[in-house]
Amino acid sequence: MFDLLKRYWKVLNSPSVHFSLAFLTLGGFVAGVIFWGGFNTALEATNTEKFCISCHEMRDNVFAELKSTIHYSNRSGVRATCPDCHVPHEWTDKIARKMQASKEVWGKIFGTISTRDKFVEKRLELAQHEWARLKANNSLECRNCHSAESMDITRQSPRAVEAHENFLFTGEKTCIDCHKGIAHHLPDMSGVPEWQ
């Protein structure tokens, strides 16, 4: 077995005798395109609402809650899907988020939130992780659809106008600071700092 591996290693490390440099370059290019196409296809397949709710933990908990909010059904007919709010649109940010989210696979394997009771018990922790992520990226996913520049504050309530002018437009706060629970039910917020 060792001799076989040694022989393959020698073949891989020695110059090509039978193939031209052009053939090897073209072959590498084609292999790269195939790899990139497969990688991008898999990435986009994991970036759909259908994929997100394929796990009963998401389908039966947070997705069920989303269906009762304005982000799911509204007068304009524009629906925000799971990836719209939880995955950045820019490629490098998306890859970083996918790498962070890969630990959710461990939660699925070990049944961390496999029942409604387990989900409710971990809900505050899960929410705090998501709020911290959105706070750290200045609510990037919110701003993909909601921009301060296109906001018509004359059509907002006086309370919303005051909050947006004093906090959002000045950069003192970001969307998630005030809009927790906008698409999902809030966990038990007792003991959460700065929560009214």
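Hi everyone, let's start at one residue: leaving out residues up to four places away in sequence, His-71 touches Leu-66, Val-78, Arg-79, Ala-80, His-146, Ile-182 and Ala-183. By touching, or contact, I mean heavy atoms within 4.5 Å.

Before we go on, a word on the source. This is a predicted model, where local features need pLDDT of at least 70, side-chain atom pairs count only at pLDDT 80 or more, and totals for chains, interfaces and linings use all residues. Residues are numbered from 1 along each chain as its sequence is written, and side-chain values use heavy atoms, with hydrogens and water left out.

Back to His-71. You will find this residue in the loop between helix 4 (56-66) and helix 5 (82-86). Is His-71 buried or exposed? With a relative accessible area of 17%, His-71 is buried. The cut-offs are these: buried means under 20% relative accessible area, exposed means over 50%, and partly exposed is in between, using a 1.4 Å probe and protein chains only. Now look at Ile-70, in the loop between helix 4 and helix 5. Ile-70 has a relative accessible area of 51%, so it is exposed. Ile-70 and Gln-128 are 58 residues apart in sequence, and their C-alpha atoms are 22 Å apart in space.

Now let's zoom out. How many helices and strands does the chain have? There are 11 helices and 0 strands, so named because helices (H or I, at least four residues) and strands (E, at least two) are DSSP runs, numbered from the N terminus. The chain's radius of gyration is 24 Å, well over the 16 Å that the globule rule gives for 196 residues, so the chain is more spread out than a compact globule. That radius is taken over C-alpha atoms, and the globule rule is 2.2 Å times the number of residues to the power 0.38. Along the principal axes, the C-alpha atoms fill a box of roughly 80 × 40 × 30 Å.

Of the 196 residues in the chain, 22% are buried. Among contacts with a separation of 6 or more, 64% are between residues 24 or more positions apart.

On to helix 6, residues 91-101. Which residues of helix 6 are buried? They are Lys-94, Ile-95, Arg-97 and Ala-101. Seen down the axis of helix 6, these buried residues fall within an arc of 165°, so they line one face of the helix. The arc is that of the directions from the helix axis to the C-beta atoms. What do the buried residues of helix 6 pack against? Their partners are helix 2 (21-45), helix 5, helix 7 (103-110) and helix 8 (116-136). On the face turned away from the buried side, helix 6 carries the exposed residues Thr-92 and Met-99.

Next, follow the chain past helix 8. Asn-138 lies in the loop between helix 8 and helix 9, and Ser-139 lies in that loop too. Asn-138 has a positive phi of about 60° although it is not a glycine. Ser-139, also not a glycine, has a positive phi of about 55°. How do they compare with the cut-offs? Asn-138 is partly exposed at a relative accessible area of 39%, whereas Ser-139 is buried at 0%.

Then comes Cys-142, which is found in helix 9 (residues 140-143). Cys-142 counts as partly exposed, at 23% relative accessibility.

My last stop is Lys-180, placed in the segment after helix 11 (175-178). What does Lys-180 touch, not counting residues up to four places away in sequence? Its contacts are Trp-131, Leu-186, Met-189 and Trp-195. Lys-180 and Trp-131 are 49 residues apart along the chain, and their C-alpha atoms are separated by 7.6 Å.
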